[in-house]
Amino acid sequence: MKYVSTRGEAQELDFEDVMLTGLARDGGLYLPKEWPKFTDKDLSNMAGSSYEEIAFTVMKPFIGSTFSDEEFKKIIKNAYHNFETEVRCPLLRLSDNTFLLELYYGPTLAFKDVAMQLIGQMFELSLKRKSQKIVIVGATSGDTGSAAIEAFRGLEAVKVFIMYPDGAVSDVQRRQMTTAVEKNVTALAVDGNFDDCQALLKEMFNDFEFRDEINLASVNSINWARVMAQVVYYFTSALALGAPRNKINFTVPTGNFGDIFAGYVAKKMGLPIDKLIIATNQNDILDRVIKTGIYKIEDVKPSISPSMDIQVSSNFERALFDIFDNDPVLVRRLMNNLQSAKEFKLNSSEIKKLQDIFESGSSSEEETNTTMRAVYKESGIVLCPHSATGVKIALENNNDKDTPMVVLATADPAKFPDAVANACGIKPELPDRMKDLFERTEMFQKVPNDISHIKEAITKGVNE
Ligand SMILES: *Cc1c(COP(=O)(O)O)cnc(C)c1O
């Protein structure tokens with residue numbers, strides 16, 4: 001399988017190089033040249049299989065010959081063996097035909113583990129084979145960073161630097177990033193917001209000299225391998241709820257458009273997904289672009305769902321490329337507008353194409369709180385604030401009794417105890433394996449929102 005950049009000016013790569021690189025050298029994102037397709041019969045054959053077996057079948061076409069079948073099966077097995085449940089990503093019934101897809105049984109309590117644990121295993125095998133060393137730099141709104149640190153800590157061939165917005169992540173999120181004792185990980189507290197961190201990361205990737213000097217790699221959701229890993233749970237959940245016999249709707253709390261794009265990919269591969277609903281918090285750029293065609297960057301408004309406090313939604317570029325018939329010229333024009341004017345506008349036929357695939361809604365802080373409280377009162381189920389944005393928007397749109405609605409539950413509520421306590425009046429407990437989190441020693445470097453300072457810190461850390 002070959003991969004092309006959304007901006008059409010970078011070299012085509014195979015899976016292994018796409019995975020190890022992250023961002024394309026023309027500033028674009030990689031996508032497979034064609035989409036693997038499953039027939040209804042293929043889907044029926046998959047139903048009833050384990051998470052690992054379905055993962056293998058769904059992802060195999062994307063990885064080409066990068067790993068042998070035996071190797072890839074082992075990678076998948078190692079990636080998920082420490083998830084706290086045998087099903088890996090279980091469904092929980094919320095009401096009649098609304099279900100939560102719980103994606104947070106991995107080591108850092110958020111859905112990012114599903115992809116990151118797999119990537120850790122794939123990187124390890126691939127780098128060992130190539131006798132290569134790599135430097136991973138990541139930008140995080142909270143959960144990617146801890147998931148990356150957890151997946152790569154202690155690996156010899158990898159050094160990890162994670163930039164997070166100082167003061168804008170929850171205490172649990174921060175401690176998960178700053179308490180790893182392994183020497184190969186460094187947490188960088190940036191004096192800025194998540195979009196600043198993401199912009200710094202992009203700038204680093206566009207400095208080819210620096211990029212090549214340290215062999216820079218990214219595991220942000222711009223990395224195709226992450227999207228690929230997330231496609232799997234759309235299959236496992238839809239099959240568990242009767243696909244391909246019946247259709248399934250999904251509502252996805254999203255910020256960077258990674259998780260919802262994975263749902264779009266699943267649909268392209270033949271999974272009978274009817275509605276794909278985008279749920280945002282008060283940072284609603286994605287809701288606005290679906291409704292009006294205007295993608296306009298505003299200031300980030302900090303919310304109780306910090307992992308979705310994003311304005312520049314990187315993976316949206318992938319959707320634009322695919323929906324507008326793989327046209328890199330169009331993507332380049334839109335992205336140039338975004339760069340120069342902080343916005344772009346789609347025409348009416350383009351808006352219609354988007355609306356044919358995605359619906360959307362946003363949840364204010366008050367609505368998110370009210371949803372958490374109401375769900376807890378009615379069912380005893382405690383939602384994290386991100387999942388609550390999804391539930392709120394799903395319930396508004398769930399008027400088709402015959403089609404199950406699945407809401408992606410993206411984090412364990414214990415990761416956001418203050419928001420939960422505030423809404424529900426209870427304090428969710430951390431799982432046993434994390435009980436000592438608040439006793440561990442924190443280590444991090446404070447850095448200004450300035451590219452040369454940060455590059456220097458990274459270079460110094462690499463050479464230590
Ligand atoms: C990252 C994250 C999201 C948003 O995911 P995207 O990949 O940006 O769509 C939602 N909820 C939680 C808990 C997250 O960590």
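The ligand sits in the largest cavity. A cavity is a set of points on a 1 Å grid over the protein atoms alone where a 1.4 Å probe fits but cannot get out, and a molecule sits in one if more than half of its atoms lie within 2 Å of its grid points.

This is a predicted model: local features need pLDDT of at least 70, side-chain atom pairs count only at pLDDT 80 or more, and totals for chains, interfaces and linings use all residues. Residues are numbered from 1 along each chain as its sequence is written, and side-chain values use heavy atoms, with hydrogens and water left out.

**Exercise 1.** Find which residues come nearest to the ligand.

*Solution.* 
1. Look at the 15 residues around the ligand, each with a heavy atom within 4 Å of it.
2. Those that come nearest are Lys-112, Asp-143, Thr-254, Asn-256 and Thr-410.

**Exercise 2.** State how far a ligand nitrogen atom is from the side chain of Thr-410, and how much of the ligand the protein buries.

*Solution.* 
1. An N or O atom in the Thr-410 side chain is 2.8 Å from a nitrogen atom of the ligand.
2. Alone, the ligand exposes 380 Å² (Shrake-Rupley method, 1.4 Å probe).
3. The protein buries 98% of that area.

**Exercise 3.** Identify the element that gives the largest share of the lining of the largest pocket.

*Solution.* 
1. A pocket is an open set of grid points with protein on both sides within 12 Å along at least five of seven lines, and its lining residues have an atom within 4 Å of a point.
2. Helix H8 spans 194-206.
3. H8 supplies 7 residues, the largest share.

Notes
A polar contact is a pair of N or O atoms within 3.5 Å; within protein, one must be able to donate a hydrogen and the other to accept it, and residues adjacent in sequence count only if both atoms are side-chain atoms. Helices (H or I, at least four residues) and strands (E, at least two) are DSSP runs, numbered from the N terminus.
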